[in-house]
2 protein chains.
Amino acid sequence: MPEEERLHPLTALVKNESGVLSRLSGLFARRGFNIDSLAVGETNDPDYSRMSITVKGDRDILDQVVKQLNKQVDVISVKDLSETFHVERELSLIKVHAGTESRSEIIELADIFRAKVADVGKDFVIVEATGSADKVEALEDLLEEFGIEEIARTGRVVLERAAKKKTKKS
Amino acid sequence: MPEEERLHPLTALVKNESGVLSRLSGLFARRGFNIDSLAVGETNDPDYSRMSITVKGDRDILDQVVKQLNKQVDVISVKDLSETFHVERELSLIKVHAGTESRSEIIELADIFRAKVADVGKDFVIVEATGSADKVEALEDLLEEFGIEEIARTGRVVLERAAKKKTKKS
C-alpha cells in the first residue's frame with residue numbers, strides 16, 4: 001500500500017465547546033487531509049468530548065498535524081493509534097428495500113452478521129450492523145442486491161487496548 | 001423543556017471532499033450552536049458522505065442554519081428530523097477496570113443490555129454497547145461503579161423511517 005493511502009486512526013480528547021470542531025477540522029483541511037471518518041461523542045465528563053478521526057495520508061505530514069493539534073488550547077490530547085493495539089468499531093444503519101418475500105432473507109443475513117433489525121416497515125427493513133469497517137461493508141455489499149435506500153454510518157471509534165506498541169511492520 | 005435545550009437530529013448528504021467539514025462546522029459555530037454529537041461516515045456512493053448532527057438550540061435559529069446549509073455547493077441536502085419518525089442509534093466503546101472477581105459481573109451486565117464484549121485484558125474489559133443515547137448512558141452509569149477508564153462514543157446516527165410527519169407535540 002502506498003504511504004499516502006494508509007489509514008491512520010486518531011483519538012483526541014477536546015473541550016466540549018462551540019467552535020472546537022471547526023478549528024480542528026480547519027487544521028486538517030489546510031494541510032489537504034481528507035477526513036475519512038469522524039465520530040464526536042460525549043465522554044464520562046460533560047466538559048470534554050472525544051473525537052475519533054480516521055485520515056488517509058502521508059505519515060510525516062500527519063505527525064506534524066498531530067503536533068499542531070496538541071498545541072491547541074481546546075485540545076487536551078491527541079494520539080495516533082496506528083502503531084498500537086486497538087479496538088475499532090463502527091455502526092451502520094442500512095435501510096433496505098424489502099417485499100414480503102425478501103424480508104426473511106434479509107433478516108437471515110443480518111443474523112449471520114450478528115446485526116440487529118432496528119425497524120421494519122411495509123416495504124423496508126432497517127438493519128443495524130456493528131463491527132470493523134470490513135465487516136460492516138461486507139454486509140452492505142450483500143444487502144445491495146435487495147436495493148439499499150439509505151445508509152447512515154457513524155465514523156470509526158477507536159480505543160487503545162494497552163499502551164504497548166505494535167512491532168513496526170515494514 | 002425550554003426551547004433552547006431541545007435536541008435536533010439533522011442529517012446531511014455532503015460531498016466527500018477536504019474542507020467540507022470545516023466549512024459546515026464553521027457555520028454552526030458562527031451562530032453559537034454547539035454540536036452535541038456528530039457522525040460522519042461513508043454512504044453507498046464514495047463521492048458522498050452522510051453527516052448525522054445533533055445540535056441543541058432554538059428552533060427558529062436552527063431553521064435559518066438549515067437554510068444556509070442547503071445553499072452550500074458541497075451540500076446535497078440537509079433535513080431536520082425532529083418532527084419525523086426516525087431510528088436513532090449510537091455506539092459506545094467502554095473500557096472498564098476489571099479484576100478477576102468483577103469481570104463476570106461486568107459481562108453479565110453487558111448481556112442484559114445486549115451489549116457485546118469487544119476485548120478482555122488482564123485488568124480491563126472493553127464493552128461495545130449500541131442503542132439509543134438513553135440506553136447507552138444507562139449502561140455507562142451502571143459500569144461506573146467498577147471504574148471507567150475510557151469511553152469512545154460515536155455520535156448519533158439517524159435514519160428517517162418514512163416521510164410522514166409526527167403530529168406536533170406541544
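Predicted model: local features only at pLDDT ≥ 70, side-chain atom pairs only at ≥ 80, totals over all residues.

User: OK, how many helices and strands does chain A have?

Analyst: Chain A has 4 helices and 9 strands, where helices (H or I, at least four residues) and strands (E, at least two) are DSSP runs numbered from the N terminus. Along the sequence their order is β-α-β-β-α-β-β-α-β-β-α-β-β, and the C-alpha trace of chain A spans about 55 × 40 × 30 Å along its principal axes.

User: And what share of chain A is buried?

Analyst: Of its 170 residues, 54% count as buried, which means under 20% relative accessible area, whereas exposed is over 50% and partly exposed is in between (1.4 Å probe, protein chains only).

User: Which residues touch the most other members in the largest nonpolar core?

Analyst: In that core of 42 residues, they are Phe28(A), Leu38(A), Met51(A), Phe28(B), Leu38(B) and Met51(B); a nonpolar core is a set of buried Ala, Val, Leu, Ile, Met, Phe, Trp, Tyr and Cys residues joined through side-chain atoms within 4.5 Å. Another core, of 20 residues, lies apart from it and includes Ala152(A), Val87(B), Phe124(B) and Val157(B).

User: Switching to helices, how do α1(B) and α2(B) cross?

Analyst: The axes of helix α1 (residues 20-30) and helix α2 (residues 59-71), both of chain B, come within 10 Å and cross at roughly 155°, and α1(B) and α2(B) are therefore roughly antiparallel to each other. The contact between them (heavy atoms within 4.5 Å) is made by Leu24(B), Leu27(B) and Phe28(B) of α1(B), together with Leu62(B), Val65(B), Gln68(B) and Leu69(B) of α2(B).

User: What about the angle words, where are the cut-offs?

Analyst: Angles under 35 degrees count as roughly parallel, over 145 as roughly antiparallel, 65 to 115 as roughly perpendicular and the rest as oblique. The axes themselves are lines fitted to C-alpha atoms, for helices over the stretch in contact, with angles running from 0 to 180 degrees between N-to-C directions.

User: Now Arg89(A): buried or exposed?

Analyst: Arg89(A), which is found in strand β5 (residues 84-97) of chain A, is buried, because its relative accessible area is 17%.

User: Which side chain does Arg89(A) make a polar contact with?

Analyst: The side chain of Arg89(A) is joined to that of Glu128(B) by a polar contact of 2.7 Å. Such a contact is a pair of N or O atoms within 3.5 Å; within protein, one must be able to donate a hydrogen and the other to accept it, and residues adjacent in sequence count only if both atoms are side-chain atoms.

User: Last one, where is Asp123(B)?

Analyst: Asp123(B) is in the loop between β6 (116-120) and β7 (124-131) of chain B, and it counts as partly exposed because its relative accessibility is 40%. Leaving out residues up to four places away in sequence, Asp123(B) touches Val96(B), His97(B), Ala98(B) and Glu149(B).

Conventions:
Residues numbered from 1 in each chain as written. Chains lettered and ligands numbered in written order. Heavy atoms only, no water.
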